[in-house]
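Please have the sequence and the model open.

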Amino acid sequence: MKLLLKPIICVGLITFAVQSWGEIVVIAETGQPAADSPEEFVYWNIEGRNATIGPSGHIAFSGAADTSINSTENNTNAVWTGLPGQLKAIIKENEQPVGFPNNVLFAGNVASGNAANIIVTRSGHVGFAAGLKGATQNVPPLG
């Protein structure tokens with residue numbers, strides 16, 4: 001018997017009702033339609049190490065979406081965030097980060113390591129370290 005393990009992002013919501021132990025909500029699963037992506041796109045890679053939930057209940061995670069789990073032809077790396085059931089891609093590969101010059105783009109790779117790199121603040125804002133690509137300039141020193 002061959003077992004197939006799928007990366008799944010879940011959030012445990014604890015409720016304190018009589019005879020209730022809590023609820024587990026699936027946020028994103030490999031093969032599931034990717035939020036804020038073309039209709040035919042599904043999550044094919046979810047970076048579980050970068051998944052986090054903030055005090056406001058907002059979730060954030062990085063990963064990739066494409067037309068199927070085995071396809072990388074239209075591969076789109078992104079960072080998704082939002083409340084459960086209300087996810088949006090806050091940036092996708094090759095998009096310009098807000099406030100950056102037009103020739104600087106999100107490379108699609110979010111740093112990962114032993115601990116989650118993505119943080120979510122009390123107000124639901126998201127921060128993370130990521131690679132950028134594009135033209136470089138020499139900036140003269142101040143002073």
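The lining of the largest pocket holds 10 nonpolar residues, one polar and no charged. Here Ala, Val, Leu, Ile, Met, Phe, Trp, Tyr, Cys and Pro count as nonpolar, Asp, Glu, Lys and Arg as charged, and the others, Gly among them, as polar. The model is predicted: local features need pLDDT of at least 70, side-chain atom pairs count only at pLDDT 80 or more, and totals for chains, interfaces and linings use all residues. Numbering runs from 1 along each chain as its sequence is written, and side-chain values use heavy atoms, without hydrogens and water.

The pocket's volume is about 220 Å³. Its lining includes Ile 90, Gln 96, Phe 106 and Val 126. E6 and strand E10 (130–134) are the elements that give two or more residues to this lining.

Two residues follow, with their strands (DSSP runs of at least two residues, numbered from the N terminus).

| Residue | Strand |
|---|---|
| Lys 92 | E6 (residues 88–92) |
| Val 126 | E9 (residues 126–127) |

Lys 92 is buried yet has no salt bridge. Buried means under 20% relative accessible area, exposed over 50%, partly exposed in between (1.4 Å probe, protein chains only). A salt bridge needs a side-chain nitrogen of Lys or Arg within 4 Å of a carboxyl oxygen of Asp or Glu.

Val 126 has 24% relative accessibility, so Val 126 counts as partly exposed. From Val 126 to Ile 59 is 67 residues in sequence and 9.1 Å in space, C-alpha to C-alpha.

Terms used:
Helices (H or I, at least four residues) and strands (E, at least two) are DSSP runs, numbered from the N terminus. Lys and Arg count as positive and Asp and Glu as negative; His and the chain ends are not counted. On a 1 Å grid over the protein atoms alone, a cavity is a set of points where a 1.4 Å probe fits but cannot get out, and a pocket is an open set with protein on both sides within 12 Å along at least five of seven lines; lining residues have an atom within 4 Å of a point. Grid points are joined across faces, edges and corners, and a volume is the space filled by probe spheres set on the points.
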